[in-house]
Amino acid sequence: MELAKMAGTVAKQLFSRKSVLSCRVLNLGQAHHSRCLSTSHTRQSESSSDSNSKGWLKNILSVRTLPASKESHSSLLSNKETVYEMQFHAVKPENMEEYLKQFESFQQLMHDKGTGAKLIGSFTVEIGDQDEAVHIWQYPGGYPVLNNATEIYRKDKDFIDYRLRRNKMLRSRKNQILLPFSFWPEPTARGGSNIYEMRSYTLKPGTMIEWGNNWARGIKSRTDEPVCGLFSQMGELNTVQHIWGYTDLQTRKETREQAWSKPGWDECVAYTVPLIRHMQSRILIPTPFSPLQ
């Protein structure tokens, strides 16, 4: 009886105390914001919570702070009337050479038929998902141009014949429709021979604004290699595609190591890594007909 009484007293004391599960402090300039999870029944006042929230958003959204109901995340992150499409084709290994010949003719056909689509880059995967081809299309003028190109592609007999030949050489295929981040440069041709790295990030839903604003500062530490930065609108959502250009793998290694000595890069990594659910890296080799070489 005595032991039972003592156990009951201890349990009562434990459950009467506040139990703090976790707390993280973000240091953003001179402002500090604490994220705490507690089992306490004591609630902070709504005015205090709102004040802290606005202060945090003011530091994260360095460009502008707008109510979520007034403007979409896409318009906050992208100010270009241009849409991109990424195509991922898993090719049967024995058909890769013929597939590339067929695709070279196809991209010329897209131009000749007046679709408005512009091939930005065409690659095969060297490291990553091998026997895969990745193609990046740009649609200047946005969705009306994409709609027009899709309509022609569906109905034109030359494209129908092409698809019949192509499909026999594929194991699977998928695509994404994306918008460009406003702070990334436009894809431009690079001199000499290059390799490209495509780093794909799947983010936690609702974190794209935080990702974009941290990278808007962090990319200033990586001025020599950025090629293209996109975020998905259709297909697999909450996805970011960063493409970097290097002379070779050794240059990639040295460049990435040097970034850590530049101001702001460590903060960019520290604040964006917690936003990621999954990430993947592919090393890409340009096809002979790719505009990006």
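What follows is a short exchange on aromatic pairs and nonpolar cores in a predicted model.

Trainee: How many aromatic pairs does the structure hold?

Mentor: The structure holds 19 aromatic pairs.

Trainee: What makes the pair of Phe106 and Tyr153 edge-to-face?

Mentor: The ring centres of Phe106 and Tyr153 are 5.9 Å apart, and pairing requires centres within 6.5 Å. Their planes stand at 70 degrees, and an angle over 60 counts as edge-to-face. The pair is therefore edge-to-face.

Trainee: Why is this pair said to tie together parts 47 residues apart in sequence?

Mentor: Because Phe106 belongs to helix α4 (residues 96-112) and Tyr153 to helix α5 (residues 143-155).

Trainee: Why does Phe106 count as buried?

Mentor: Its relative accessibility is 6%, and buried means under 20%, so Phe106 counts as buried.

Trainee: Which residues do ring pairs link into a cluster?

Mentor: Phe106 and Tyr153 are among them, together with Tyr99, Phe103, Trp137, Phe159, Tyr162 and Phe289.

Trainee: How do you know that the charged end of Arg163 sits over the ring of Tyr153?

Mentor: On distance, the charged end of Arg163 is 4.6 Å from the centre of that ring, and the limit is within 6 Å. Arg222 also lies over a ring face, that of Trp265, at 5.1 Å from the ring centre.

Trainee: Which residues touch the most other members of the largest nonpolar core?

Mentor: Tyr99 and Trp211, in a core of 46 residues. Helix α4 gives the most to this core, with 7 residues. A second, separate core has 17 residues, including Met198 and Leu284.

Technical notes: Residues are numbered from 1 along each chain as its sequence is written. This is a predicted model: local features need pLDDT of at least 70, side-chain atom pairs count only at pLDDT 80 or more; totals for chains, interfaces and linings use all residues. Side-chain values use heavy atoms; hydrogens and water are left out. Rings of Phe, Tyr and Trp (its six-membered ring) pair if their centres lie within 6.5 Å; planes under 30 degrees apart count as stacked, over 60 as edge-to-face and the rest as tilted. Helices (H or I, at least four residues) and strands (E, at least two) are DSSP runs, numbered from the N terminus. Buried means under 20% relative accessible area, exposed over 50%, partly exposed in between (1.4 Å probe, protein chains only). A charge sits over a ring if NZ of Lys or CZ of Arg is within 6 Å of the ring centre and within 35 degrees of the ring normal. A nonpolar core is a set of buried Ala, Val, Leu, Ile, Met, Phe, Trp, Tyr and Cys residues joined through side-chain atoms within 4.5 Å.
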